[in-house]
Amino acid sequence: REEILDRVDHRHLNELLVTPTAEVMLAWFWGLLKPRVPLLAALHLQETPRYRATYRGGDEVTVRLVESD
């Protein structure tokens, strides 16, 4: 947790990443965490109540719009 929070908390994401989209952030977080957590299988980032992205390593990020209730 601290590995990511220490880097992004109270920071402008545009200063850290050229394009700080959920997809790009997940790939970056994966690179930080995977060496320390070898069994890491997936990361999820919910950007808004309806928008969720999932990254499982590799080149593909799954993006899903959550159906409203």
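A residue is called exposed when its relative accessible area is over 50%, and because histidine 10 reaches 76% relative accessibility, it falls in that class. The legends below refer to a predicted model.

**Figure 1. Histidine 10 in the loop between helix 1 and helix 2 of the predicted model.** Most residues other than glycine have a negative phi. The side of accessibility is clear as well, since histidine 10 counts as exposed at 76%.

**Figure 2. Asparagine 14 in helix 2.** Helix 2 spans residues 13–16, and asparagine 14 is part of it. With a relative accessibility of 61%, asparagine 14 counts as exposed. Glycine 31 is 17 residues away from asparagine 14 in sequence, and the C-alpha atoms of the two residues are 18 Å apart in space.

**Figure 3. The tilted aromatic pair of tryptophan 28 and phenylalanine 29.** The structure holds 2 aromatic pairs, and in the one shown here the ring centres of tryptophan 28 and phenylalanine 29 are 5.6 Å apart, with the planes at 35°, so the pair is classed as tilted. The two partners fall into separate accessibility classes: tryptophan 28 is partly exposed at 22% relative accessibility, whereas phenylalanine 29 is buried, with a relative accessible area of 9%.

**Figure 4. The edge-to-face aromatic pair of tryptophan 30 and tyrosine 55.** The rings of tryptophan 30 and tyrosine 55 lie 5.4 Å from centre to centre, with 85° between their planes, which is an edge-to-face arrangement. Tryptophan 30 belongs to helix 3 (residues 22–33) and tyrosine 55 to strand 2 (residues 51–55), so the pair ties together parts that are 25 residues apart in sequence. Both tryptophan 30 and tyrosine 55 are buried.

Figure 5. Read from the N terminus, the elements follow the order α-α-α-β-β-β, and the C-alpha atoms fill a box of roughly 35 × 30 × 20 Å along the principal axes. Of the 69 residues, 26% count as buried, while the accessible surface comes to about 5300 Å², 52% of which belongs to carbon and sulfur atoms. The chain carries 9 positive and 11 negative side chains, and the centres of these two sets lie 4 Å apart.

Terms used
Residues numbered from 1 in each chain as written. Predicted model: local features only at pLDDT ≥ 70, side-chain atom pairs only at ≥ 80, totals over all residues. Heavy atoms only, no water. Helix = DSSP H or I, 4+ residues; strand = E, 2+ residues; numbered from the N terminus. Buried < 20%, exposed > 50% of the residue type's maximum accessible area, 1.4 Å probe, protein only. Areas by Shrake-Rupley, 256 points an atom, 1.4 Å probe, with all protein chains shown as cover. Lys, Arg positive; Asp, Glu negative; His and termini not counted. Charge placed at Lys NZ, Arg CZ, Asp CG, Glu CD. Phe/Tyr/Trp six-rings, centres within 6.5 Å; stacked < 30°, edge-to-face > 60°.
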